[in-house]
Amino acid sequence: MSKEKVKMLLKENLISTAQNRMKEVGAVLLLSLLTLAAGCCGAADDAPVSSTENNKGSQITEDLDAGQPDHVQRQEVPELKTLGQEIQEQKAQDQEVQSQEMQEQKAQEVQKQKAQDREAQNQAVQEHAAREQQDEELELYYEKDGRQYQLVPDLVTGEYIWASVLTNGIQVKDSHGHDRTDYYSQEHTFEKRDAKVSYPVRRWDNLMYSAGEYLVFEYDGIVHVSEHTDLYHPVLSYDYGGTYGIIIKVPRGYMVSDSNAYEIRFYNEKFQEKLVKTGLRAGESGVYFENGRMAVRDMKTGLMGFMDERGELVIPCKYAIVSDFSNGYASVLTDAEVVSYTEDAGTVQMFCGKGGQWGIIDEKGSFVIEPCERFANQSQDQTDVAYDAGVRRFGLVREDGTVDFIASDQNERVLETVSLR
């Protein structure tokens, strides 16, 4: 139906409605006059008005309607009602179409985002594989153009971004007539690979790591952490002897463990100290965090437990010996005698466990293999030889959930293979 026809029908409907309202008003006025007159005539005897008289007004109104031309009589407008319905239906259809279009557009955006995520993930995997291949092919120490290059890992990315570079120097004769390098003629720099950034340093500055914008180097037994733009104003310095200069990257910062001072220190990403744990030693096996857990020993009791990467002792120190976590599990020695002894002329405190039984725990510290006589830390030969990891012990749990029970005193002979699943 065209817009012009709609306008015309609406106009006619308004005119008809107005005329009908005028007739109704006139009929009501006439009925009021008749009623008033009838009331005046019968007021003396208070006669009630009959139902026939009460209906006179309505009859008169109907007669007036009947006497009017057809085009001004009251009439229903079914066509206009249908038109309104059509408008509402069309509006509903438009809304439905719009909703469907929005849903389709949203679905397309979701699919597009998923495709972009997959592409980014695949690209990241490819880049990681390429870096691993490059690292495998990368020579960490090489000579080129009369310069010696030693690459160091970055604690944040794991890549080799910086290098310690030393010129070959002048060759001279020693007192025995042998050729040697004149160390004082060598020039030493820290250089960023693939970038024109180079800093002259002292001959014996030993570059160990990079950590984003920071460089970690050792000089005269002290480890320094400095911004690469200001090497000789370090933000952190600590003793090399008890730490071996090792810095461990943890979420939102770094960790340094001092085995001499029995301290484990946590730093933020700017190497500002935020937590110190005292009386604990970490890294006895040479491994730090595995599966987010690190074996630590309470140096007062000699017992061991596990710390998480935030520095919280999540599994208390109550075991004589523990292994590192592997694929979500670690072995622990329970009910054993802790025996202390020293090494390096009495300078290093050590411990071992005698007797007891082995079990295996998960990352929450719950036993998945309960300690029992089957896994006793005891040799049939009743040897008196002390083994740091036990006369009998579990190996590391493999990816398939199997683990070997091993005889340390019999050349690591596998006594039994156990499945945790």
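Me: Is phenylalanine 405 buried or exposed, and at what relative accessibility?
Reply: The model is predicted. Buried means under 20% relative accessible area. Phenylalanine 405 counts as buried, because its relative accessibility is 4%.

Me: Which residue forms an aromatic pair with phenylalanine 405?
Reply: The pair is edge-to-face, with 70° between the planes. Its rings lie 5.2 Å apart, centre to centre. The partner of phenylalanine 405 is phenylalanine 375.

Me: How many residues apart in sequence are the parts that phenylalanine 375 and phenylalanine 405 tie together?
Reply: Phenylalanine 375 lies in the loop between β25 (367-369) and β26 (392-394). Phenylalanine 405 lies in strand β27 (residues 402-407). The pair therefore ties together parts with a sequence separation of 30 residues.

Me: How many aromatic pairs does the structure hold?
Reply: Ring pairs link Phe190, Phe217 and Tyr232 into a cluster. For the structure, the count of aromatic pairs is 11.

Me: What is the angle between the planes of tryptophan 162 and tyrosine 199?
Reply: These two residues form an aromatic pair, 6.2 Å centre to centre. Planes under 30 degrees apart count as stacked. This pair is stacked, with a plane angle of 15°.

Me: In which strands do tryptophan 162 and tyrosine 199 lie?
Reply: Tryptophan 162 is buried, with a relative accessible area of 1%. The pair ties together parts that are 37 residues apart in sequence, because tryptophan 162 lies in strand β3 and tyrosine 199 in strand β7 (residues 197-200).

Me: With which side chain does the side chain of serine 164 make a polar contact?
Reply: Serine 164 sits in strand β3 (residues 160-167). Serine 164 is buried, at 11% relative accessible area. Leaving aside neighbours within four places in sequence, its contacts include Gln148, Phe190 and Leu207. The polar contact, at 2.7 Å, is with histidine 188.

Me: Which residue in β14 stands opposite tyrosine 254?
Reply: Strands β13 (residues 253-258) and β14 (residues 263-267) pair in the antiparallel sense. Their pairing runs over 5 bridges. Opposite tyrosine 254 stands tyrosine 267.

Me: What share of the residues of the protein counts as buried?
Reply: The secondary structure comes to 4 helices and 28 strands. The protein exposes about 26,600 Å², with 49% supplied by carbon and sulfur atoms. Of its 421 residues, the buried share is 33%.

Definitions and conventions:
Residues numbered from 1 in each chain as written. Predicted model: local features only at pLDDT ≥ 70, side-chain atom pairs only at ≥ 80, totals over all residues. Heavy atoms only, no water. Pairing = 2+ DSSP bridges. Helix = DSSP H or I, 4+ residues; strand = E, 2+ residues; numbered from the N terminus. Buried < 20%, exposed > 50% of the residue type's maximum accessible area, 1.4 Å probe, protein only. Polar contact = N/O pair within 3.5 Å; in protein donor to acceptor, adjacent residues only side chain to side chain. Contact = heavy atoms within 4.5 Å. Areas by Shrake-Rupley, 256 points an atom, 1.4 Å probe, with all protein chains shown as cover. Phe/Tyr/Trp six-rings, centres within 6.5 Å; stacked < 30°, edge-to-face > 60°.
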